[in-house]
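Open the model in your viewer and keep the selection panel at hand.

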Amino acid sequence: MNIKFRLILMNFMQFFVWGAWLLTIGAYWFQNKHWSGAQFGAIFSTMGISSIFMPAITGIISDRFINAEKLYGIMHILGALTLFSLPLVTNPSAFFWVILLNMMFYMPTLSLSITVSYSALKSNNIDVVKDFPPIRIWGTIGFIAALWTVSLTHSEISANQFYIAGAVALVLGLYSFTLPKCPPLSAKTEKKSFANSLGLNAFALFKDPKFVIFFTFSMLLGAALQLTNAYGDTFIHDFAKVPVYKDSIAVKYPAIIMSISQISETLFILAIPFFLRKFGIKYVMLFSMLAWVLRFGLFAFGDPAGGLWMIVLSCIVYGMAFDFFNISGSLFVETQAAPEIRGSAQGLFMMMVNGFGAFFGSRISGIVIDKFFTHADQSKDWHGIWLSFAGYALVIAIIFPFVFRYRHNAALKHAIEHA
């Protein structure tokens, strides 16, 4: 089988597993189990907790002890077992621990999949820079396919979403053992200290004020990402309780509507080079923050009937909100950090976004929703919820241009000109 096709299949299943439940678990939680918002915030914080330490640990294991493709397969098989266990859980506390265990297995596979892909491409003398992006885009297609599968099978509020995700994770885990070998390389190279392997040397960047500001805003925007992932699908589901909306297409298939966000993401990636050259990295980051304001604000005033266009536009805007900061942020780190710690610095960037940002965003939003936007009958004031999220993003956008000051260095200028 062609190596590119094999990697496409791997990436497709990698993100299918995540897409099968990530945006719909809120509907299962609120519409099916009727558990509290504060407890649900804890569920989404598991991604943050596991992202803080698990990728580094599995990176050390794959560097020193076991083939990356085998470790990748083991993690997915163990992840499948936890997904199959979730429907058996009958209380929110146990659900938290099972989903945390699942995230400890899944989150490291995001970086392991890149390691396996790069190794396979290089061993076949294939240009990674040119040929990996078209392969990786199939991961986003897999995420979209998962949303459509869950929606069309009406599994959004049922436990079937976990069985679907678990089945694909199991297939991917077994398939991983057929992938090209990616053996540990540290035995052939200079040994790194344990601290350096964990990326702790990158924390020296916190001595630089511009990085302190950058990483702080990375964490704040990471929180915004979790808000939309956690509550978007169940927000649309709640319209089913209103007679005038219950038979609308959006209410019947909310995950399909939400998948527009991922479609938009693939398109906005193509626009980033133009925006970087035209406006520079600082304003591209600012556009991302303003896009988050629009994302939440449009949700606040949208509905599945006459206001459906606002929900759809919100999903389109998501592509700019997500891509513009993540990609321009990684470019900033790549060109501003010292060469010897760039890899660790990128890991620190992801830790702030997907680790601490996800953790605090999930925890605090759940508590706020429970305390201020949940009625006595446990229904949600979605208009107030989305407006408060929009206000949060607006405050970030207003402060950012005044405190984030930096000068282009030659590397950053060159990277923007050639983006």
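Residue classes here are nonpolar (Ala, Val, Leu, Ile, Met, Phe, Trp, Tyr, Cys and Pro), charged (Asp, Glu, Lys and Arg) and polar (the others, Gly among them). The model is predicted, with local features requiring pLDDT of at least 70 and side-chain atom pairs 80 or more, while totals for linings use all residues. Numbering runs from 1 along each chain, and side-chain values use heavy atoms, without hydrogens or water.

On a 1 Å grid over the protein atoms alone, a cavity is a set of points where a 1.4 Å probe fits but cannot get out; a pocket is an open set with protein on both sides within 12 Å along at least five of seven lines; lining residues have an atom within 4 Å of a point. Volume is the space filled by probe spheres set on the points, which are joined across faces, edges and corners.

Select A223, G361, I364, S365 and Y392: of the 13 residues lining the second largest pocket, these lie nearest its centre. Its volume is about 240 Å³. The lining has nine nonpolar, four polar and no charged residues. α14 (342-372) gives the most, six residues; helices are DSSP runs of H or I, at least four residues, numbered from the N terminus.

Next, select L221, G222, L225, W292, A321, F322, F325, N326 and V353, which line the largest cavity, of about 60 Å³. α13 (308-336) supplies the most, four residues.

Finally, select the lining of the second largest cavity, including V17, H76, N102 and A169. Its volume is about 40 Å³, and α4 has the largest share, five residues.

Methods: Helix = DSSP H or I, 4+ residues; strand = E, 2+ residues; numbered from the N terminus.
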